[in-house]
Amino acid sequence: MTGIAIETHELVKQFGDKRAVDGIDLVVPEGGVYGFLGPNGAGKTTTIQILATLMRPDGGTASVFGHDVVREADEVRSMVSLTGQYSSVDEDLTGRENLQLLGRVLGYSRADARTRCDDLLEAFGLTDAATKQVKRYSGGMRRRLDIAASIVVTPRLLFLDEPTTGLDPRSRKQVWDIVRALTARGTTVLLTTQYLDEADQLAERIAVIDTGRIIAEGTSSALKSSVGSGALHVHLIDPGDRPRAIDILTRAFGDEVFPGSDPADVTGRVDDRSKVPAALATLAADGVELAGFSYGQPTLDEVFLALTGHTAEETLEAGDSTQNDPEGAVA
Amino acid sequence: MTTTEAPVAAEKLDAVLATGPRPPRASAVTTSLAFGWRALLRIRHVPEQLFDVTLFPVISVLLFTYLFGGAIAGSTSEYLQFVLPGILVQTVVMITMYTGIALNTDIEKGVFDRIRTLPIWRPSALVGALLGDAVRYTLASVFVVTLGLVLGYRPDGGLVGVVAGVAVLMAFSFAFSWIWTWVGLLARSAQSVMGISMMVLFPLAFLSPVFVDPSTMPDWLQTFVEINPISHAVYAVRGLMSGDSVGDEIMWTFIASAIIMAIFAPLTMRAYSRRR
């Protein structure tokens, strides 16, 4: 009996003459993690801000657990929490003070707020840093406090906007563990990310978003099979060899071979991994020397290329001017 | 350092997630006071922000008393009697602009987004910030009056008059701050809040009876001074502190406060929910 956590219909948000969200239809089932995958400026944050009642849509409708985000904003607020892309705790206060403040405004008595806050600090490994100002925290600690602040009252739906961007691998893993613990306890998580592997690791379903539209939606395996099972990256010693390398790899894998942003890089989409060793042998036989190579999951860039025909960076450039400055409409 | 990277405690985490029903919704008073507490914590952690509260009045009092006092009132001690209540009003009204600056800084840092997604009485974060500011206004008032007493200011209204004057000033400043909450929500940066505030406050604070008797001014300027709400606050506070009866001016100060709030509190709340 899974309900629906989020439903949007033809959602639109306009900044000036730029449509940051351009007709998004979304159905997110209750429970588990739903991944929102896309480059900077694709409209992920704007969509989350509408769903979290921070922003009004210019068109379409959105509801959270059946409550309209505009007309029933207060009901929505009592069920959701938002951990934004930027630190959403007060940096001048200590970790404990931040959590206590939230405990108080969310209705805990003074004593209960203190208990709750101590429990949270302990669970998130922040007890020792409790009395330090947040501005002295490391990136990983800050992120954990941010998430702790979102579950002072455990929400039914948690928005995590790029929770691991800029974190070291260990802190990233910790955030993943927290997300898994949350969903195990029944919280639905809507997670935005620029990393395909993160969405793949955590999310049951993934929506790929580009220039304000959802361009693909489905389970992560379905999505990946639409892109190919993997990609081979080669890094050449001599960038002058690149045309030849592209030529050889195209013959080995088919059309989906393209130059990387580094002049010595080539990437090929691989549907059948058994062809990889032979392709590498052919490069060696033709005297194309490699400084390195890797075979792995397709990156967001490749997903994008496969789905849209352009890379994520191009989207970034096109959308950047308005997307990164959502206040642009204000004088 | 032992306080760096402690691991996430899995069982503990599961336990905090499993806690019982959510607490009952907090009242508007509780949430406002909690945000007021936040403002006080910020003063404790960043005491530098009190420099403006203390430095500005010292400079004003010393500058105007000793530089212009003799020329304007014949003697510096007599001028101090006249100018001190005015400087008190000017100081506190000037520091109301920090309300807007603090709010704008909150927005930039993202704290604001979290606060706005909380299921609480909407104005409580703003009201709380203003309550915290009231503490700064009180500190500034105590500071100015003490400085005046040290330099020889003697209020004929006595302690009661001084306290009543400060109380009227508090009410006026609380209302006046709503202008800056609005500006703080609309402006792009803390610097522009500062710029806008100075542009508005400087003429209002100086084209008033703070430093000189308006009867020496040209007619058109006198008209402006009489309309200026800060003038009425100055007359009311000065009257109360000198023990004169100034019921009319107190009434005008409260009417001006009510009008300012009636305009800017709704504008602020509209900007607050529309933000972005």
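The model is predicted, so local features need pLDDT of at least 70 and side-chain atom pairs count only at pLDDT 80 or more, while totals for chains, interfaces and linings use all residues. Residues are numbered from 1 along each chain as its sequence is written, chains are lettered from A in the order in which they are written, and side-chain values use heavy atoms, with hydrogens and water left out.

**Stop 1: A:T8.** Select A:T8 in strand β1 (residues 4–15) of chain A; strands are DSSP runs of E, at least two residues, and helices are runs of H or I, at least four, numbered from the N terminus. A:T8 is buried, with a relative accessible area of 4% (buried means under 20%, with a 1.4 Å probe and protein chains only). Now show its neighbours: A:T8 touches residues including A:I24, A:L51 and A:T61, leaving aside those up to four places away in sequence (contact means heavy atoms within 4.5 Å). The side chain of A:T8 reaches the backbone oxygen of A:I24 at 2.9 Å.

**Stop 2: chains A and B.** Next, select the contact, which takes 63 residues from chain A and 48 residues from chain B.

Zoom in on A:E122 and B:K12, a salt bridge whose closest N and O atoms are 3.6 Å apart (a side-chain nitrogen of Lys or Arg within 4 Å of a carboxyl oxygen of Asp or Glu). The count between the two chains is nine salt bridges.

**Stop 3: the chain B side.** Colour α1 (10–17), α2 (28–45) and α6 (111–116) of chain B, the elements that give two or more residues to the side touching chain A. Finish on α2(B), which gives the most, with 10 residues.

Definitions and conventions:
Buried < 20%, exposed > 50% of the residue type's maximum accessible area, 1.4 Å probe, protein only. Polar contact = N/O pair within 3.5 Å; in protein donor to acceptor, adjacent residues only side chain to side chain.
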